[in-house]
Structure formats: C-alpha cells, structure tokens
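Here is a short briefing to read with the model open beside you. Take a look at the chain first, then follow the topics below.

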Amino acid sequence: MDTLSFKTVSANSATVNKEWVLVDATDMVLGRMASKVAKLLRGKYKPNFTPHVDCGDNVIIINADKVRLTGKKWTDREYLTYSLYPGGQRSQSPADIFEKSPVRLVEKVVKGMLPKNKLAAKLMDNLHVYAGAEHPHEAQTPKVIDLNSIK
C-alpha cells in the first residue's frame, strides 16, 4: 500500500459547501434536538470536517414554542447568570425563559453544546430560530431534515 499518496484534506472557507437545513421542533425533546443541531452547525456529519473551520450548515428551527422537556426540568433546572456585582447572581428556570421567549431558550441550549471559543459565535450566526411555523428564508430553499434519522 502506497501511504504517501494519501492526503489529509483540510477544509477552508473557500472549499466549504454550506447548505440550508430546516428543522421542525414540534414535540421534540429540547436537549436531544439541540445536540443534533449543534452537530449540524459544527459540520461533524460532513466528510471534510475540520475542527477550526466553520464548515457546518445554516440551520433554521421552526415551531420553537412547541418544544418539550422531560420530567420536572421545566421547574427544577436552573440557568445561572452573574452580573459581576456582589449579590448579582440570578437564576431562571426554563419555564421562566420560555414564557418570555421560546427562541431564547432554544438558542441558549444549542449555544451550550457548542465549543467555548470564538468559533462558537460564528456558528451561532448560522442558527435561525423562530417560534412559529413561518420563516423568512424561503429564498434559500432549505432542505427539510428529520433529526430522528441522524445518529
């Protein structure tokens, strides 16, 4: 076997082919959906995945207001924020965040599953979440994908 003929292909911004993907979040468990969406945003399902390059797809999530959580996570889970002032720690339950904006809850969960570096901010620009069934990205002709078929 001639091992010198094998080349490791590293993707860059010029060679990456990005697609538009549409995900319907109706009756999906939030964490399971978010982990698969994070992999789509990252590009881990593509054969030319490169860790330091944004080679993932643009993901549109519709019906974010119909997402569900299992067990007592709506009330028992806490998301903490801190204002850097003494006594400035605040906690919110997913029910509180969902009541104000279901879009923010889905974005927060997906962002927590992305790497904690500068690349995550670029990847979050590729995520578009909408509470209803309509979205303004019809011109991009997104491909409807079933997350249950993805491992």
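L80 stands opposite S91 of strand β4, and that is a handy place to start in this predicted model.

**The hairpin of β3 and β4**
- Strand β3 covers residues 79-82 and strand β4 covers residues 89-92; the two run antiparallel and are joined by 4 bridges.
- Between these strands the hairpin has 6 residues, and L84 takes a positive phi near 70° in this hairpin.

**The overall picture**
- The protein has 5 helices and 6 strands.
- The C-alpha trace spans about 60 × 40 × 30 Å along its principal axes.
- Of the 151 residues in the protein, 38% are buried.
- Taking contacts between residues at least 6 apart in sequence, 69% join residues at least 24 apart.

**Helix α1 and what covers it**
- Helix α1 runs over residues 30-42, which makes 13 residues.
- From its first C-alpha to its last, α1 reaches 18 Å, close to the 18 Å expected at 1.5 Å a residue.
- Which residues of α1 are buried? They are L30, M33, A34, V37, A38, L40, L41 and R42.
- The cover over these buried residues includes the strands β1 (20-24), β2 (58-62) and β5 (127-129), and it also includes the helices α4 (102-112) and α5 (118-124).
- G43 follows α1 and has a positive phi, near 90°.

**The largest pocket**
- The largest pocket has a volume of about 150 Å³.
- Its lining is made up of V29, L30, G31, R32, L69, T70, K73, R77, Y79, V109 and M113.
- Which element gives the largest share of that lining? Helix α1 does, with 3 residues.
- L30 is one of the lining residues and is also among the buried residues of α1.

- As background, most residues other than glycine have a negative phi.
- D27 has a positive phi near 55°, and this residue lies in the loop between β1 and α1.
- Is D27 buried or exposed? D27 is exposed, because its relative accessible area is 56% and the cut-off for exposed is over 50%.
- N63 is not a glycine either, yet its phi is positive at about 60°; you will find N63 in the loop between β2 and α2 (73-76).
- N63 is buried, because its relative accessible area of 7% falls under the 20% cut-off.

**N58 in strand β2**
- N58 has its place in strand β2, one of the elements that cover the buried residues of α1.
- N58 counts as buried, because its relative accessibility is 9% and buried means under 20%.
- Which residues does N58 touch, leaving aside those up to four places away in sequence? They are K18, E19, W20, V21 and N126.
- W20 and V21 in that list fall within β1 (20-24).

Note on methods
Residues numbered from 1 in each chain as written. Predicted model: local features only at pLDDT ≥ 70, side-chain atom pairs only at ≥ 80, totals over all residues. Heavy atoms only, no water. Pairing = 2+ DSSP bridges. Expected span 1.5 Å × (residues − 1). Buried < 20%, exposed > 50% of the residue type's maximum accessible area, 1.4 Å probe, protein only. Contact = heavy atoms within 4.5 Å. 1 Å grid on protein atoms, 1.4 Å probe; cavity = no way out; pocket = protein on both sides within 12 Å on 5 of 7 lines; lining within 4 Å. Points joined across faces, edges and corners; volume = space filled by probe spheres on them.
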